[in-house]
Amino acid sequence: MKRSEVNKLMKEAVEFIEQMNFKLPPFAFWSFNDWETKGSEYDEIRDNLLGWDITDFGSGNFRDQGLLLFTIRNGNLKNNKYKKSYAEKILIVEEEQVTPFHFHWDKMEDIINRGGGNLLVKLYNSTRDGGFASTPIQVSMDGKTLTVEPGTILRLTPGESITLPVGMYHKFWGEKGTGKVLLGEVSMVNDDFTDNRFLEKFRRFSEIEEDETPLYLLANEY
């Protein structure tokens, strides 16, 4: 991805998040020069990858296959200095923009439609060798337990949520004609280096081509 594209996506995200009446923390808007003045008192942000996260999963086409996230809080399974056992993110999903099939070995998460359009989520249980299982899927949606067939697509309208247990493959995208989606994620500690199992081989963090000055740094750039 080009830095100019990343900067443009950040500007669009800030505008959309404001429209949704959600407020990002102050560090969301720190420039590179601002970061140069921040000492060890802000190590929690650096060590736990809080902040902006924009990826095209190596596709080269963010609008078709990509995701914009902002990690607001997170713990750290590898550093006992941090005691949080939970994480929170805000995500933006465009219409028909796909986040590809993946599951987590350690993280259970709630995905919440905070506003905008509808989110479509396709689900499978996983097998021991990392494939799709043919077994029925049991999930919780806003306190209601559902049992559905493998490959079922569930729709989350604004205000609705789904709990995704460990080992459950999920793929999601914004429903066409309903607008971009603001998602919340509340989960156990997030570790994007070791806890993502993609069905196909994808790059979690995009390589950035520097064609202009960063607006804000990405969380993996501190």
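**Strand pairing, cores and cavities**

Modeller: Phe-70 stands opposite Ile-90 in S3. This is a predicted model.

Colleague: What makes S2 and S3 a pair?

Modeller: S2 and S3 are joined by 5 bridges and run antiparallel. Pairing asks for at least two bridges, so S2 and S3 qualify.

Colleague: How do you know that S1 and S2 pair?

Modeller: By the same rule, at least two bridges are needed. S1 and S2 have 5 bridges, in the antiparallel sense. Within S2, Leu-68 is the bridge partner of Ile-54.

Colleague: Why is S2 called largely enclosed?

Modeller: Of the 7 residues of S2, 6 are buried, so the strand is largely enclosed by the rest of the structure. Buried here means under 20% relative accessible area.

Colleague: Which residues have the most contacts inside the largest nonpolar core?

Modeller: They are Trp-52, Ile-54, Leu-68 and Phe-70, in a core of 26 residues. Helix H1 (3-19) and strands S1 (51-55), S2 (67-73) and S3 (86-93) each supply at least two residues of this core. H1 gives the most, 6 residues.

Colleague: What does Leu-68 touch beyond its neighbours within four places in sequence?

Modeller: Leu-68 is in contact with Leu-9, Ala-13, Trp-52, Asp-53, Ile-54, Phe-62, Ile-90, Leu-91 and Ile-92. Apart from this core there is a second, separate one of 23 residues, which includes Val-93, Val-139, Leu-156 and Phe-198.

Colleague: How many cavities of 30 Å³ or more are there, and what is known of the largest?

Modeller: The whole structure has 3 of them. The largest share, 3 residues, comes from S4. By class, the lining of the largest cavity has 7 nonpolar, 6 polar and 6 charged residues.

Colleague: What lines the second largest cavity?

Modeller: Its lining consists of Leu-9, Glu-12, Ala-13, Phe-62, Leu-68, Ile-92, Glu-94, Gln-97 and Lys-180. H1 gives the most to this lining, 3 residues. The classes are 5 nonpolar, 1 polar and 3 charged, and the volume of the cavity is about 60 Å³.

Colleague: How do you know which way the side chains of strand S9 (residues 153-156) point?

Modeller: They alternate along the strand.

Colleague: What makes S6 and S9 a pair?

Modeller: Strand S6 (residues 119-125) and S9 share 4 bridges and run antiparallel. The requirement is at least two bridges, so S6 and S9 count as a pair. Leu-119 has Leu-156 as its bridge partner in S9.

Colleague: Why is Thr-127 placed in its accessibility class?

Modeller: Thr-127 has 27% relative accessibility. Buried would need under 20% and exposed over 50%, so Thr-127 counts as partly exposed.

Colleague: Where is Thr-127, and what does it touch?

Modeller: Thr-127 is in the loop between S6 and strand S7 (137-141). Not counting residues up to four places away in sequence, Thr-127 touches Phe-132 and Ala-133. Thr-127 and Gly-167 are 40 residues apart along the chain, and their C-alpha atoms are separated by 8.5 Å.

Note on methods. Residues are numbered from 1 along each chain as its sequence is written. This is a predicted model: local features need pLDDT of at least 70, side-chain atom pairs count only at pLDDT 80 or more; totals for chains, interfaces and linings use all residues. Side-chain values use heavy atoms; hydrogens and water are left out. A nonpolar core is a set of buried Ala, Val, Leu, Ile, Met, Phe, Trp, Tyr and Cys residues joined through side-chain atoms within 4.5 Å. Buried means under 20% relative accessible area, exposed over 50%, partly exposed in between (1.4 Å probe, protein chains only). Contact means heavy atoms within 4.5 Å. On a 1 Å grid over the protein atoms alone, a cavity is a set of points where a 1.4 Å probe fits but cannot get out, and a pocket is an open set with protein on both sides within 12 Å along at least five of seven lines; lining residues have an atom within 4 Å of a point. Grid points are joined across faces, edges and corners, and a volume is the space filled by probe spheres set on the points. Ala, Val, Leu, Ile, Met, Phe, Trp, Tyr, Cys and Pro count as nonpolar, Asp, Glu, Lys and Arg as charged, and the others, Gly among them, as polar.
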